[in-house]
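This report walks through a single chain, from its overall make-up to a few local details. Keep the sequence and the 3D view open while reading.

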Amino acid sequence: MEQIVQFELTNEFRERFEVALEQQDADFIQKSLDGVKPADISTLLDEFETESSKYVLDLLSEDIRAEIIVDLDEDIRERFLREYGSEEITEIINNLDSDDAVDILNELPLKDREEVLSGIDDPEKEANILDLLRYEDDVAGGLMGKELIKANVNWNVDQCIEEIRRQAENVQKVYSVYVVDDKESLIGRVSLKRIILADDKTKIADIYEDDVVSVETYMSEEEVAQIMSKYDLDAIPVVNVQGKLLGRITIDDVLDVITEQADEERQMMSGIAGDVEEDDSIWDLTKARLPWLIVGVLGGFISAKFIGIFEEDLLRITAIAFFIPLIQATGGNVGIQSSSIVVQSLANPSVFGGGMLKRLTKVLLVAVVNGLFLSLMVYGFNLLTGGEVSLSIVVSIALFCVVLIASFLGTITPLLLDKLGFNPALASGPFITTTNDLLGLAIYFYIVHLFL
C-alpha cells in the first residue's frame with residue numbers, strides 16, 4: 001500500500017527545497033516528495049518559477065506529473081505547457097481521464113493540439129477526446145468524462161463483473177454501474193453492493209434500479225451542479241437528446257464549478273470585475289477593481305451635489321446633517337441584506353415557485369416590521385438624548401421609508417438582472433449600495449423639506 005505523507009509547506013522546507021532546486025539535488029527532491037499528494041505538490045510548485053517547477057516534474061512519475069498539472073491554476077498551467085514539447089504533453093494526456101485531457105488540449109494552440117492528438121496511442125482514448133472537444137467548456141458535455149462502466153440489461157452478474165475488471169485500469173472511481181438497453185440508451189443503474197451480493201447468474205434486469213438521475217449534454221454547468229447538490233450525487237450520467245449514454249460527471253468536476261461560481265459571486269459582491277487572484281499583475285488587479293470604485297466616487301460626488309440643493313434647509317436646521325450617515329448606512333445595509341438573500345435563492349429556482357407577487361409581498365411585510373422597529377428605536381433614542389420632538393419624528397418617518405425602498409430595490413434588482421442575463425451578484429455590491437445612498441438622501445431631505 002502506498003504511504004501518503006501529511007504535507008505541510010513551512011518556510012523552512014520551502015527554503016531548503018529552493019536550495020535543492022538551485023543545486024539540482026534530484027535525490028533530496030525525490031525523497032522529500034515521495035508519498036506526497038499531487039495537490040500538495042501543486043501548492044509547492046506555485047511558489048517557484050516555471051523552469052524550476054518543470055525540473056521537479058521531470059523527476060516524478062508520469063501519472064503523478066499528469067495529476068499535478070491538472071491541479072495547477074489555469075494561468076499557471078498555461079505557462080507550464082509552453083515549456084513542454086508535443087511529445088511530452090502527449091505523455092501527460094495518456095495518463096489523464098478524457099475530460100481532464102480535453103481541458104489541457106483546449107489551452108494549446110491549434111497546431112500543438114493536432115500534434116498531441118496524433119501521438120495518442122490508444123484509439124479509444126483518442127476517439128473519446130475528439131468527441132468531447134466539440135462541446136463547450138461550460139455545459140454538461142464539456143464537463144463529462146467518457147470513462148465509465150455500463151452493463152447491458154440482458155447481461156447476468158458474471159458478465160457485469162467481467163466488464164468491471166476489463167475497465168478497471170480506465171475508470172479510477174466506480175460509484176455504480178449504469179444499465180443500458182440494446183440501443184445504448186440509459187435505463188437505470190445498479191450498485192456495486194447489489195452486484196456483489198447477487199448470484200453470478202442473476203440477470204441485471206432483476207436487480208437494477210430505474211430511478212437514475214441524468215443530465216443532457218447541453219445543460220449548463222450551473223444546472224448540473226444544482227442537480228448533483230440537490231440529490232447528493234457522487235457522479236451523474238450524461239445522455240444526449242435521444243437518451244443514449246455518453247459519459248458521466250464526477251463530483252470533483254462539479255466542485256470546481258461550485259468553487260468558480262462562489263469566487264465569481266464573491267468578487268462581484270465586493271465590486272471586483274473579472275476573475276483575478278492575488279498573484280496577478282498590478283495592472284490586472286487595478287483593472288478589476290477600478291470600475292466599481294469609479295462608480296462609488298461618482299455616486300459620492302452626486303450625493304454631495306444633492307446635499308448642496310438643500311443647503312438652505314441645512315443652514316436653518318443644522319441638526320438634520322447629523323442623521324445623514326444614519327440614513328445612508330441603514331439604506332445600504334438593508335439593500336445588501338435583501339439582495340444577498342435573493343442572489344442566494346436564485347441558486348435554487350424552486351424558491352420562486354410561489355410567484356413574484358407572493359415574494360414581493362413577503363419582502364414588503366418584512367420591511368414594514370424592520371422599518372417600524374428601527375424607526376421607533378431611533379425616535380426613542382433621540383428623545384432620550386434631548387433631541388427635538390419634531391426632528392425626531394421626521395427622522396423616524398424618513399428612516400421607515402428608506403427601509404421600505406431599500407428592501408424593494410434589494411429584492412427586485414437581482415431578479416431583473418437575472419432576467420436580463422446579467423450576474424445577479426452585481427446587485428449585492430457597490431451598485432445597490434450607491435443607489436440606496438442616493439435614494440436614501442432624496443427621501444430624507446424631501447421629508448425634512450416637507451415637514452420642517
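The model is predicted. S98 belongs to helix α8, which covers residues 98-105. S98 has a relative accessible area of 0%. The cut-off for buried is under 20%, so S98 is buried.

The S98 side chain has a polar contact with the side chain of E147, at 3.0 Å. Setting aside neighbours within four places in sequence, the contacts of S98 are N128, I129, L132, G145, K146 and E147.

## The chain as a whole

The chain has 452 residues, and 42% of them are buried. Its secondary structure consists of 22 helices and six strands.

## Helix α8 against helix α10

Helix α10 spans residues 123-133, and its axis comes within 9 Å of the α8 axis. The two axes cross at roughly 60 degrees. An angle from 65 to 115 degrees would count as roughly perpendicular, and one under 35 as roughly parallel. The α8 and α10 helices are therefore oblique to each other. The crossing of α8 past α10 is right-handed.

On the α8 side, the contact is made by S98, D99, A101, V102 and L105. On the α10 side, it is made by N128, I129, L132 and L133. Sorted by class, the contact of α8 with α10 has six nonpolar residues, two polar and one charged.

## Helix α7 against helix α9

Helix α7 covers residues 86-94 and helix α9 covers residues 110-118. Their axes come within 9 Å and cross at roughly 60 degrees. That angle makes α7 oblique to α9. The crossing of α7 past α9 is right-handed.

From α7, the contact residues are S86, I89, T90 and I93. From α9, they are D112, E115 and V116. By class, the contact of α7 with α9 has three nonpolar, two polar and two charged residues.

Most residues other than glycine have a negative phi. Which way does phi of Q24 go, positive or negative? Q24 has a positive phi of about 50 degrees, and it is not a glycine. Q24 sits in the loop between α1 (11-23) and α2 (26-33). Its relative accessible area is 52%. The exposed class starts over 50%, so Q24 is exposed.

D232 is another residue other than glycine with a positive phi, near 55 degrees. The loop that holds D232 lies between α15 (221-230) and β5 (235-239). D232 has a relative accessible area of 68%, so D232 is exposed.

V213 is located in the loop between α14 (204-207) and β4 (215-216). Its relative accessibility is 26%, so V213 counts as partly exposed.

Definitions and conventions:
Residues numbered from 1 in each chain as written. Predicted model: local features only at pLDDT ≥ 70, side-chain atom pairs only at ≥ 80, totals over all residues. Heavy atoms only, no water. Helix = DSSP H or I, 4+ residues; strand = E, 2+ residues; numbered from the N terminus. Buried < 20%, exposed > 50% of the residue type's maximum accessible area, 1.4 Å probe, protein only. Polar contact = N/O pair within 3.5 Å; in protein donor to acceptor, adjacent residues only side chain to side chain. Contact = heavy atoms within 4.5 Å. Axes fitted to C-alpha atoms, helices over the stretch in contact; angles between N-to-C directions. Parallel < 35°, antiparallel > 145°, perpendicular 65-115°, else oblique. Left-handed = near helix turned anticlockwise from the far one by under 90°. Nonpolar A, V, L, I, M, F, W, Y, C, P; charged D, E, K, R; others polar.
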